[in-house]
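I opened the notebook today to look up ring contacts and strand pairing. Here is what I wanted to see first.

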Amino acid sequence: MAQFLGYLLKCGNNTDNSFIEMSTYDSAPNQREEIKAIRDENTRDLLRVTADGMKTAIKFTTIPMNLADKIQMQNFFKAGMIDTKQRKCKITFWNDEDNEYQTKYFYIPNFHYSINSISSNDIQYNELDIELVEY
């Protein structure tokens, strides 16, 4: 078991997770994928062929942010961005199944920015839903 170092996600050298609403953080590490699953017609036992590769999915909601906070959150992900067109990001994450940090490549689906209010010099954003899908 590795030591927890006080962060859930790391992009580049950036470990600032202050934009995450912690109560919404949902990690599904090491997801198994069935290549084939059938029930034996006589015994009704389940017969499974599971793929060797396992993938992780992470979802969370951000805290409400102003414009500067939103840019800081965007820069967090840019620090690990490998391919901006595909939004392919190299992320180190805490794997709760293995109780250790792992580094993998994730796809970040489109962001949807919802504005709460504006002023003459700032924008207040509602929470954003963020999903990270391992390649």
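This is a predicted model: local features need pLDDT of at least 70, side-chain atom pairs count only at pLDDT 80 or more; totals for chains, interfaces and linings use all residues.

Entry two, the rings. I looked up the aromatic pairs, and the count comes to 13. I then picked out Phe76 and Phe77: their ring centres are 5.1 Å apart and their planes stand at 85 degrees, so I noted the pair as edge-to-face. The cut-off for that label is an angle over 60 degrees.

Which residues do ring pairs link with Phe76 and Phe77 into a cluster? I found Phe19, Tyr25, Phe60, Phe111, Tyr113 and Tyr125 there with them.

I looked at Lys88 and found its charged end over the ring of Tyr105, 5.0 Å from the centre. Lys88 also lies over the face of Tyr135, where the distance to the ring centre is 4.8 Å.

I traced an open sheet of three strands, in the order β6-β11-β10, and its pairing is antiparallel. Strands β6 (65-66) and β10 (115-118) are at the edges with a single partner strand each, so one side of each has no neighbour in the sheet.

How many bridges join β6 to β11? I counted two, with β11 covering residues 123-125 and the strands running antiparallel. Met65 has Tyr125 of β11 as its bridge partner. I was pleased to meet Tyr125 again, as it also belongs to the ring cluster.

Conventions: Residues are numbered from 1 along each chain as its sequence is written. Side-chain values use heavy atoms; hydrogens and water are left out. Rings of Phe, Tyr and Trp (its six-membered ring) pair if their centres lie within 6.5 Å; planes under 30 degrees apart count as stacked, over 60 as edge-to-face and the rest as tilted. A charge sits over a ring if NZ of Lys or CZ of Arg is within 6 Å of the ring centre and within 35 degrees of the ring normal. Two strands pair if DSSP finds at least two bridges between them. Helices (H or I, at least four residues) and strands (E, at least two) are DSSP runs, numbered from the N terminus.
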